[in-house]
Amino acid sequence: MEKKIFSGVQPTGNLHLGNYLGAIKNFVQLNNDKENDCIFCVVDLHAITVKQNPKELRGNIRETVATFVASGIDPKKSIIFNQSKVTAHSEVAWILSCTARTGWLSRMTQFKEKAGKDKEKASVGLYSYPVLMAADILLYDATHVPVGDDQKQHLELCRDIAQKFNNDFQVEDFFKVPEPLIQKEFSRIMSLKDGTKKMSKSELSDLSRINLTDSADQIINKIKKAKTDPLPMPSSLDELNKRPEAKNLIAIYSSLTGFKIDKVINEFSGKNFSVFKENLSQVLVEKILPISLEIKKLLDEKNFLDKILDDGSQKAHIIASRKVKEIHKIIGF
Ligand code: AMP
Ligand code: TRP
């Protein structure tokens, strides 16, 4: 069956190994399958739900495109564009905010995490963020949405919104109810400094993550300093599950090499962590350094990156405006 793929990444800087293994690596595989129609969106409207510096935002939008292309997404095959250039996203987000219920949004854990203690000071946009995400997906009749584990709840909300709209207006199957594509073992890459916290762009310590623009020396240094426990490498899955830092490093190794987790456990069982870390650094440098070098090269080609976004936006606009017309008719505008 032909799959229609849609996913988004926020241009908020510091794209890291978690973004790559949890999402972008999957985008590349989906892009490479001839059967699929893929759209990858730089979600700049989502980025401004928290304060952004305009100059940095502009740079981060280009860097996100550069990361997509450097990782292997082909802009001739897949549509790459930025959300703000297709106004249908904001418009349909408004319309869907009249379908979504406040009770549904109040349950979103990401809002609670991002808003922190002082919820009254969070932007209205941060609260309604998942409705905009639903608009992104539903505008393109996406059937499959590849994301990391942290977006699971937002996708469930998107499915609820689609179903409620179809029901309310008696338009069966008008909005396609999308399936999440979440990788089983690598959907949540953890911080190198704390195996119980997600690897994140906004974590203050740069040592907590491998950035996709890191040099070989930075990668090696970060793995050397990555937190481990005092025991030697685990010798069973049961043991691994009780040791979050070991589990995370082994998951990273397994995802990059394609070796199954139990095979990795067998190979390193009882050995010193430093032996494993050397192997891990080597694999990381092998896989991530070429991407990092390519991103840096592409960042000097601003016109090339801008043209990808222009072309992509035009294509996306054609698909989205068709859907908007139908939505208007259904609603009675
Ligand atoms: P964001 O940078 O928040 O726009 O995230 C872009 C994509 O990367 C989304 O699909 C996220 O679910 C995914 N992602 C972000 N952080 C991680 C992580 N630590 N592990 C796995 N996936 C992640
Ligand atoms: N909210 C997603 C994130 O932070 C990004 C995103 C926006 C997205 N719109 C989307 C992901 C649509 C998938 C589909 O990672």
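Gln 83 sits in the loop that links strand 3 (79-82) to helix 4 (88-97), where helices (H or I, at least four residues) and strands (E, at least two) are DSSP runs numbered from the N terminus. The model is a predicted one, so local features need pLDDT of at least 70 and side-chain atom pairs count only at pLDDT 80 or more, while totals for chains, interfaces and linings use all residues. Residues are numbered from 1 along each chain as its sequence is written, chains are lettered from A and ligands numbered from 1 in the order in which they are written, and side-chain values use heavy atoms, with hydrogens and water left out.

Gln 83 is buried, at 0% relative accessible area (buried means under 20%, exposed over 50%, partly exposed in between; 1.4 Å probe, protein chains only). Its side chain gets to 2.9 Å from the backbone nitrogen of Leu 45. Leaving out residues up to four places away in sequence, Gln 83 also touches others, including His 46, His 89 and Asp 136 (contact means heavy atoms within 4.5 Å).

Asp 136 turns up again at ligand 2: an N or O atom in the Asp 136 side chain is 2.7 Å from a nitrogen atom of the ligand. Taken alone, ligand 2 exposes 360 Å², and the protein buries 92% of that (Shrake-Rupley areas with a 1.4 Å probe).

How values were computed: Polar contact = N/O pair within 3.5 Å; in protein donor to acceptor, adjacent residues only side chain to side chain.
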